[in-house]
Amino acid sequence: MDKLYIKDIDIQKIHGKRVMVRTDYNVPLDEDGNITDDTRIRATLPTINFLLDENAKVIIASHLGRPDGKVNPKYSLKPVARRLQGFLKERANVIMAEDCIGTKVKKQIEDMHCGDVIVLENLRFYPGEEKNDPSFAKELANLCDVFIQDAFGNCHRKHASMIGIDGFVPSAAGFLLKKEIDYFEKAVNNPMRPVVALLGGAKVSDKIKIIENLSKKMDKILIGGAMAFTFLKAQGFGVGKSLVEDSMLDVVKNLMDMSKKNGIKLYLPVDFVVAEKFNNSAETKVVPYQEIPENWIALDIGPATTKLFFEALQDAKTIVWNGPMGAFEFDAFSRGTYAMVDAVTSSHASTIVGGGDTDMAFHKSGKTHEVSFISTGGGAFLKLLEGGVLPGIASLSDKNKA
Ligand code: AMP
């Protein structure tokens with residue numbers, strides 16, 4: 001990475017100074033406001049601990065949910081501050097700020113001890129955050145001497161706190177951001193070969209740029225999920241009532257031609273679990289790909305496909321996975337996705353997994369610790385897979401500014 005990294009910064013610029021860390025603490029909450037998954041908080045602890053070791057005043061800035069530029073207690077970061085205190089224990093005092101900008105917060109930061117942490121209130125309580133208002137960014141920058149970007153999951157968004165602060169203070173990548181980028185680079189741009197992509201999910205149109213980009217880099221691409229039906233229809237097969245994007249048929253045909261030309265092996269499912277209706281208790285059966293009945297919906301890959309994909313993954317040294325193999329939220333159509341969790345965790349490949357649904361499958365199966373790396377970013381991870389640049393990273397200070 002050619003951007004400034006937290007460890008490259010002259011320690012005198014951090015020691016005892018006000019250091020703002022932009023985190024992605026957009027954590028899921030239940031109806032009572034309790035955090036149901038704190039992975040994103042835990043993932044930022046290396047950066048926070050490093051700064052505490054340097055006796056910095058650590059200022060946490062984050063958004064939570066979609067309060068649409070208005071104060072809404074439902075989206076307060078208070079539960080996050082409590083959870084963070086639970087992680088840091090007596091190592092640091094975690095203070096909840098009254099706001100995220102303004103004189104009151106400035107005073108709270110002035111009064112805090114070095115080696116303490118303050119959690120700013122939700123940045124999205126101000127419309128300036130999502131509108132990338134430079135005056136909002138400047139107010140945030142006024143609160144700190146150094147800015148650390150660790151909100152990987154939000155780096156695809158051009159919001160004030162993501163791209164607006166670097167113009168005012170030195171801005172560097174935190175440990176989480178660096179880890180995300182390093183794993184991604186190793187898996188996609190400089191992989192141990194053979195490298196295999198396992199792609200699923202609902203829409204080809206959402207993933208087409210990813211498939212195009214990966215077809216220049218992977219040795220094999222395995223396509224599952226509803227995307228497969230557009231590929232099958234493009235080859236003239238009937239797909240019943242399964243999800244298809246007719247507008248993408250030509251694009252998909254070109255892509256299949258291009259993959260052939262580039263020597264990339266494109267694997268499509270050879271059988272499916274089909275259902276009469278899209279619900280958990282509908283009648284289901286397994287059929288070969290050429291025999292999807294006219295009025296039935298294919299909702300998962302079948303056992304022969306599971307075996308085919310399993311074998312295609314066995315010799316991989318690197319695996320990149322995004323998107324479920326079927327409508328895995330329903331038990332009746334989840335087998336294919338969980339079989340791929342088993343395939344990936346039993347292989348010896350270095351595996352990177354990303355995208356909201358895919359990491360959910362790992363969490364539900366209790367196998368998160370058996371995979372090399374699960375990205376904390378959904379949209380940001382997808383943008384990288386497309387070969388895109390993340391604005392939240394592009395705007396950081398250059399390395400030579402250390
Ligand atoms: P994406 O956000 O594009 O990764 O899509 C994830 C969604 O795709 C999940 O909600 C799945 O239920 C859905 N999905 C995967 N396979 C199918 C399928 N065969 N039919 C309908 N939905 C599917």
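## Helices H2 and H3

The crossing of H2 and H3 is right-handed. This is a feature of a predicted model. Two packed helices are described by the angle between their axes and the distance between the axes. For H2 and H3, the axes come within 12 Å and cross at roughly 65°. The two helices therefore count as roughly perpendicular to each other. On the H2 side, the contact is made by Leu45, Ile48, Asn49 and Leu52. On the H3 side, Leu84, Phe87 and Leu88 take part.

Helix H3 covers residues 78-88, and Pro79, Val80, Ala81, Leu84 and Leu88 in this helix are buried. An α-helix has 3.6 residues a turn, so residues three or four places apart point the same way. What do the buried residues of H3 pack against? Their partners are helix H1 (39-42), H2, strand S2 (57-61), strand S3 (94-96) and strand S4 (117-119). Just after H3 comes Lys89, which takes a positive phi of about 50°.

## Aromatic pairs

How many aromatic pairs does a search of the whole structure find? The search finds 10. One of them joins Phe50 and Phe175, whose ring centres are 5.3 Å apart. The planes of these two rings stand at 65°, over the 60 degrees that marks the edge-to-face class, so the pair is edge-to-face. Phe50 lies in helix H2 (residues 45-53) and Phe175 in helix H8 (residues 175-189).

Another pair is formed by Phe229 and Phe272, with ring centres 4.9 Å apart. Their planes are at 45°, so this pair is tilted. Phe229 belongs to helix H10 (residues 227-234), and Phe272 to strand S10 (residues 271-275). The pair therefore ties together parts that are 43 residues apart in sequence. Are these two residues buried or exposed? Phe229 counts as buried because its relative accessibility is 2%, under the 20% limit. Phe272 is also buried, with a relative accessible area of 1%.

## A cluster and two charges over rings

Phe50 and Phe175 also belong to a group: together with Tyr5 they form one aromatic cluster. Lys178 lies over the face of Tyr5, at 4.9 Å from the ring centre.

## Helices H12 and H13

Helix H12 (residues 303-314) and helix H13 (residues 335-346) have axes that come within 10 Å and cross at roughly 20°. That angle is under 35 degrees, so H12 is roughly parallel to H13. The crossing in which H12 passes H13 is right-handed.

Which residues of H12 meet H13? They are Thr306, Phe309, Phe310, Leu313 and Gln314. In H13, the residues they meet are Gly336, Ala339, Met340, Ala343, Val344 and Ser346.

## Contacts of Lys265

Lys265 lies in strand S9, which covers residues 265-267. Leaving aside neighbours within four places in sequence, Lys265 is in contact with Asp219, Lys220 and Ile221. Ile221 is 44 residues from Lys265 along the chain, yet their C-alpha atoms are separated by 6.2 Å.

## Backbone details in loops

Where is Pro194 found? It is in the loop between H8 and strand S7 (195-199). The peptide bond from Arg193 to Pro194 is cis, with omega near 0°.

Asp68 is not a glycine but has a positive phi, near 60°. Its place is in the loop between S2 and H3. Asp68 counts as exposed because its relative accessibility is 57%, over the 50% limit. Asn132 likewise is not a glycine and has a positive phi, of about 55°. Asn132 is found in the loop between helix H5 (127-130) and helix H6 (134-141). With 27% relative accessibility, Asn132 counts as partly exposed.

Key: Residues are numbered from 1 along each chain as its sequence is written. This is a predicted model: local features need pLDDT of at least 70, side-chain atom pairs count only at pLDDT 80 or more; totals for chains, interfaces and linings use all residues. Side-chain values use heavy atoms; hydrogens and water are left out. Rings of Phe, Tyr and Trp (its six-membered ring) pair if their centres lie within 6.5 Å; planes under 30 degrees apart count as stacked, over 60 as edge-to-face and the rest as tilted. Helices (H or I, at least four residues) and strands (E, at least two) are DSSP runs, numbered from the N terminus. Buried means under 20% relative accessible area, exposed over 50%, partly exposed in between (1.4 Å probe, protein chains only). A charge sits over a ring if NZ of Lys or CZ of Arg is within 6 Å of the ring centre and within 35 degrees of the ring normal. Contact means heavy atoms within 4.5 Å. Axes are lines fitted to C-alpha atoms, for helices over the stretch in contact, and angles run from 0 to 180 degrees between N-to-C directions. Angles under 35 degrees count as roughly parallel, over 145 as roughly antiparallel, 65 to 115 as roughly perpendicular and the rest as oblique. A crossing is left-handed if the near helix is turned anticlockwise from the far one by less than a right angle, and right-handed if clockwise.
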